[in-house]
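My notes follow in the order I checked things.

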Amino acid sequence: APADRDRWGGWKNGPRFKATGFFYPLKRSTRWWLVDPEGRLFWSQGVTCVGMGAAGPVEGRARWYRGLPREDEPAFKEFFWRGGARSDDRYKDKQVLYFDWGAANAKRKYGERWRETGGELAHRRLASWGLNTIGAWSSHEIFRKRRTPYTAIVHPGGPELKGSEGYWANFRDVFDPGFRTAVREGLKNQADGVAGDPWCVGIFVDNELSWGNDTDLGKWTLASPEAQPARRAFMAQLHERHPSSTVASEADLRAWTARTAEEYFTICRDEVRRFAPKQMYLGCRFAWVNDEVVRAAARFCDVVSYNLYRRAVADFTLPAGLDKPVIIGEFHAGALDRGMFHTGLQAVATQSERGEFYRTYVRSALDNPALVGCHWFQYEDEATTGRFDGENYQIGVVDACDTPYPETVAALRDVGAELYRRRSGSLR
């Protein structure tokens, strides 16, 4: 591991600030940082989905595979289960059979204690590679070893806004009391053991919600059933603003977007504070968003989060007038010269170019004063024949046999070695 790190992955050789026993944000001069539990400056270089798993549906696909174990085969039956999928119309509204190739390969490779061996190896690798954060969707069993800081994530669900649209799911009715209940229950059920853990950097609630443009939430709310709590609240707001009119103007629609976002982030912030008062609330990982929503997030989140699939982020900024720390929850690139059939959301030609992509992206993030970290998506390649939604990206730091990609690891180490010197401005 880099010699300039403390036990948390913070900057051992840098200045020291108030030690609270937990992570918190700090602006020093023109740059935002995180501060680790011992008071050292911390910049989060991480990877998501740390664990051993590359699962996908195998229902009706037996002819695709050579050597697929039987579902009742004792050595591998633990890697089969049934769940929902959206990768094939034949699977719609059905519980289909899955197999976890990555976990099965880990057992073949490491034996009966594959979980313990793989978890130990993951922590050693991350430190050796210069990474200091386990990102979202990682194995609880691994991050609970409390050797590498981690971020937790919760997907609360809750009552739908019936008239809305969304990529992953419809937007939620945040004016329905059931939404607060869903957030509260989600934290309790999905973030067990996180509250009060100094190794937890913070908690994300949700991922890549579909916020639409600055008027869509108003349109979706008006398109919802009359009994929908959000629609009733919007109609009351319209009658208050325009007693003699029943027509919503664009200004009304934008105002409703702002109010909905404020309600959403208020509830999430309050429930995170209630559940884990020492942990940071890291927002909802924006992918598609408008400025009204970001302004609301900046008021209530300790750190605002985005998933930014770009070539570089040095020029990324929040809407005018906002000054908040930002963390990137996802970025990646893939190449097809070895092993897989899809590059992911950013394509490069070779594994060597993927390493260069990593160096360029993370260095650009380090040069951006608002950014306090970025996390590669993801630790292991996805299943060749697709996960639950068909994604089959070559975007792992390791492949499905838990073998690291040397070109990518070299890039992780290069950036990790210079991380704090570059962030502090001493490396230019």
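**Entry 1: the cavity.** I counted cavities of 30 Å³ or more and got one. The model is a predicted one. I then looked up the volume of the largest cavity and noted about 40 Å³. Next I listed what lines this cavity. I found Gly51, Met52, Gly118, Leu121, Ala122, Arg125, Ile142, Tyr379 and Asp402. Which helix gives the most to that lining? I noted helix H2, residues 114-128, with four residues. By class, I wrote down five nonpolar, two polar and two charged residues for the lining.

**Entry 2: the pockets.** I turned to the open spaces. The largest pocket has a volume of about 1,400 Å³. Its lining takes in 49 residues. Which of them lie nearest the centre of the largest pocket? I noted Trp137, Trp168, Phe377, Arg387 and Phe388. I sorted the lining of the largest pocket by class: 22 residues are nonpolar, 15 are polar and 12 are charged.

The second largest pocket holds about 220 Å³ of space. I found 16 residues in its lining. Nearest the centre of this second pocket lie Arg7, Gly9, Ala127, Leu131 and Arg147.

**Entry 3: the hairpin.** I looked up strand E1 (residues 24-28) and strand E2 (residues 31-35). They pair in the antiparallel sense, over five bridges. Two residues sit between the strands of the hairpin. Which residue in the hairpin takes a positive phi? I noted serine 29, with a value near 60 degrees.

**Entry 4: the three-stranded sheet.** I traced an open sheet of three strands and wrote its order as E5-E7-E6, with antiparallel pairing. Strand E5 (55-57) and strand E6 (80-83) are the edge strands, and each pairs on one side only. On average, neighbouring strands of this sheet are turned by 35 degrees against each other, direction ignored. As a reminder to myself, strands of a sheet pair through backbone hydrogen bonds.

How many bridges join E5 to strand E7? I counted three, with E7 spanning residues 96-100. Within this pairing I looked up glycine 56 and found phenylalanine 99 of E7 as its bridge partner. I then checked what lies across these strands. Helix H1 (residues 101-110) lies across E5 and E7, and H1 runs at about 40 degrees to E7.

**Entry 5: H4 against H7.** I looked at how helix H4 (residues 177-190) packs with helix H7 (residues 250-275). The angle is about 35 degrees, and the axes are 10 Å apart. Is the crossing left-handed or right-handed? I noted a right-handed crossing of H4 past H7.

I listed the contact residues next. H4 brings Phe179, Arg180, Val183, Arg184, Leu187 and Lys188. H7 brings Tyr264, Ile267, Cys268, Asp270, Glu271, Val272, Arg274 and Phe275. By class, the contact of H4 with H7 has eight nonpolar and six charged residues, and no polar ones.

How values were computed: Residues are numbered from 1 along each chain as its sequence is written. This is a predicted model: local features need pLDDT of at least 70, side-chain atom pairs count only at pLDDT 80 or more; totals for chains, interfaces and linings use all residues. Side-chain values use heavy atoms; hydrogens and water are left out. Two strands pair if DSSP finds at least two bridges between them. Axes are lines fitted to C-alpha atoms, for helices over the stretch in contact, and angles run from 0 to 180 degrees between N-to-C directions. Contact means heavy atoms within 4.5 Å. On a 1 Å grid over the protein atoms alone, a cavity is a set of points where a 1.4 Å probe fits but cannot get out, and a pocket is an open set with protein on both sides within 12 Å along at least five of seven lines; lining residues have an atom within 4 Å of a point. Grid points are joined across faces, edges and corners, and a volume is the space filled by probe spheres set on the points. Ala, Val, Leu, Ile, Met, Phe, Trp, Tyr, Cys and Pro count as nonpolar, Asp, Glu, Lys and Arg as charged, and the others, Gly among them, as polar. A crossing is left-handed if the near helix is turned anticlockwise from the far one by less than a right angle, and right-handed if clockwise.
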